[in-house]
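Hi everyone, thanks for coming. I'd like to walk you through one model this morning, so please have a look at the screen.

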Amino acid sequence: MQRAWWSRLSWGAAGLGLSLLGAWLIAQRGLDAQRAAFETDARIVHRLLSQQVVQHDAVLATLALLEPARADALPRLSAIHPRLLQVRVREPGGAWPDAALTEAETAARASGRAAMADAELAQGRYTLVQGAGNGAYALDIALAGLVPDADWPMDRANSPVQVALQWRGQSLVLQPGQPQARGWRFDFDKVVAAESQPFHAVAIRWVGWGELPWLAMGAWTLFVTTVLVAWRHALRSREARQRAEALLRLGQLGRLNAMGEFAAGLAHELNQPLTAVLASTQAAQRLLADNPPELDTAREAMGRAAAQARRAADVLGRLRRGLQAPADASTARVALDLAACVREALHLLQPEIERCGVSVRWRASEPVQVMADTVAIDQIVHNLIANALQAMDRQAGGARELHLAVRREGKQAVLDVIDSGPGLPPDVLSRVFEPFFSTRDGGLGLGLTLSESLAQAEGGRLSAANAPEGGAHFTLQLPLHTP
């Protein structure tokens, strides 16, 4: 049960890990796509703003070149550029009424290009100054509608992107966007392509949890779950098939080893009835040879012979029902890890352990090796654990625990198999290894007999007792392997 629980836990952890990893990659890919779209829109906005503000330099350059009167210039320029609020002129020899304009003209003549005098971005306006010969021109420019809505790449009212122009701590929001307190934030900040008007085009995009590709992430999780369930089902089917094949081979090898026990038990069981049949038939022959023959006594002798013959027939019937064609087996001895043999038997009997609801308490303090026949040891361990499970399964209530321990004891390797079943009554304990003796309905009574014979053949010993806390305690002792 613990192994099955750990198996389910490991499969669940694998599924969760793959689902989270795939969902994270899908979410990251979605965020990358949204970042790319955001940066594309931000670059378009930057290019449009740059194109518009560069036109202001061109207007001032044209004014400086043509030197038109202010009354003539403004109407014409306003028709072309509605955002131009006012054209101011400093005549040669005159002075600007504002010191900021004077400083801007000085900076413009020093740099050879227009310069900003002041800006009130909160009110959406600023002033640009350009020297022209002995005079100068100044443009008052409105930032509202700097880029027409028809050219703007986003929906100003509904787009989640916030766009603003910034200059020396001042800011003008061109698109409000949808700020959020949580989620992922994308930033874009680039100076427009006009050295005379060094505005920063700033864009910010917030991506909330609701904008993640949940549908794709859910589809991936469903796909992972489906694949893992199908894979686990396939592995369990293969494991069940391998377990069934191993049990079949073990059963066939067990029947091969049981043939010797059958033969010994058969000789023991048939010896007495055959001897009685022979004695009764000889007595009947003598009685019939008398003159006159003693028919009644002869009939009685023949009746006894018939009864003994029926007893022998019963023994043969049991033999015929239990014996089937065995498979060949090798008796080569190899170095075996006794704990590995126990684990293999637990693996083969795992379905039976789960069906009976048995908790396995397994302890192996250190590697313990024996030199023995693999088939023989597998048969012994399998029989001991299977008998323990059957004993606990016949018990109506109480805890069902199977305690297994592999240890060293001097020059012996010891396997303890202790169950929490009803234990062995004294009359059963004295006959537990007797051929054809079984407390289970339909049992042949040869499993423990065969196990004891196999243990002795491997130079070991199999013993039975009752555990102090209740239940049966079988102990397998085998000589340790010495390299």
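Predicted model: local features only at pLDDT ≥ 70, side-chain atom pairs only at ≥ 80, totals over all residues.

Residues are numbered from 1 along each chain as its sequence is written, and side-chain values use heavy atoms, with hydrogens and water left out.

Now, the sheet. It is open, with 4 strands in the order β6-β5-β8-β7 and antiparallel pairing. Strands here are DSSP E runs of at least two residues, and helices are H or I runs of at least four, numbered from the N terminus; two strands pair if DSSP finds at least two bridges between them. At the edges sit β6 (170-175) and β7 (184-191), each pairing on one side only.

How many bridges join β5 to β8? There are 6, between residues 161-167 and residues 200-207.

On to β6, which 5 bridges join to β5. Here Q166 stands opposite S171. The two strands form a hairpin with 2 residues between them, and R168 in the turn has a positive phi of about 50 degrees.

Finally, look at L21 in helix α1 (residues 2-66). L21 counts as partly exposed because its relative accessibility is 47%; that class lies between buried, under 20%, and exposed, over 50%, with a 1.4 Å probe and protein chains only. Thanks, everyone!
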